Amino acid sequence: MAGSNHGHTPAAWTGVIIAFIGFCAAGAFMVMDQPVGFWASLGVVLLGGVVGFVMRSMGMGQPKDAHPVHRTTGDSAPAGARS
């Protein structure tokens, strides 16, 4: 994955940070026996995914053409060049 620059975009970082904050808050509320806070924090986790998706849709994510075509073992030519 490192070769495709996986996740190094503002959309990915923002979505993961929001989800991580929600996850940490949910854990704290679970320990404090506060079910309303727990479920609200899980909503923040879901919000992180929505924010990441919206930011990707706005062009702040990795472009679709940035993913290389991966070859499998034994391939000597790109998939489109075979006869």
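1. Let me start with the buried side of helix 2: Gly-37, Ser-41, Gly-48, Gly-52 and Met-55 are buried (buried means under 20% relative accessible area, exposed over 50%, and partly exposed in between, with a 1.4 Å probe and protein chains only). The cover over these residues includes helix 1 (10–31). This is a predicted model, in which local features need pLDDT of at least 70, side-chain atom pairs count only at pLDDT 80 or more, and totals for chains, interfaces and linings use all residues. Residues are numbered from 1 along each chain as its sequence is written, and side-chain values use heavy atoms, with hydrogens and water left out.

2. On the overall fold, the protein chain has two helices and zero strands (helices are DSSP runs of H or I with at least four residues, strands are runs of E with at least two, and both are numbered from the N terminus). Of the 83 residues in the protein chain, 14% are buried. Among contacts with a separation of 6 or more, 62% join residues 24 or more positions apart; contact here means heavy atoms within 4.5 Å.

3. Ser-41, in helix 2, counts as buried because its relative accessibility is 4%. Leaving out residues up to four places away in sequence, Ser-41 touches Gly-22, Ala-25, Ala-26 and Phe-29.

4. Ile-18 sits in helix 1 and counts as partly exposed, at 23% relative accessibility. The C-alpha atoms of Ile-18 and Gly-48 are separated by 4.8 Å, though the two are 30 residues apart along the chain.

5. Ala-11 is also in helix 1, and it is buried, with a relative accessible area of 5%. Beyond residues up to four places away in sequence, Ala-11 touches Gly-52, Met-55, Arg-56, Met-60 and Gly-61. Its C-alpha atom and that of Phe-53, 42 residues along the chain from Ala-11, are separated by 7.3 Å.

6. Do have a look at the loop between helix 1 and helix 2, where Asp-33 lies. Asp-33 has a phi near 60°, a positive value in a residue other than glycine. This residue is exposed, with a relative accessible area of 63%.

7. The count of aromatic pairs comes to one. Phe-38 and Trp-39 form that pair, which is edge-to-face, with 5.0 Å centre to centre and 75° between the planes. Rings of Phe, Tyr and Trp (its six-membered ring) pair if their centres lie within 6.5 Å; planes under 30 degrees apart count as stacked, over 60 as edge-to-face and the rest as tilted. Trp-39 counts as exposed, at 59% relative accessibility.

8. Finally, the surface. The protein chain exposes about 6,400 Å², and carbon and sulfur atoms supply 70% of it (accessible areas come from the Shrake-Rupley method with a 1.4 Å probe; for residues, only the protein chains shown count as cover). Val-54, in helix 2, counts as partly exposed at 40% relative accessibility.
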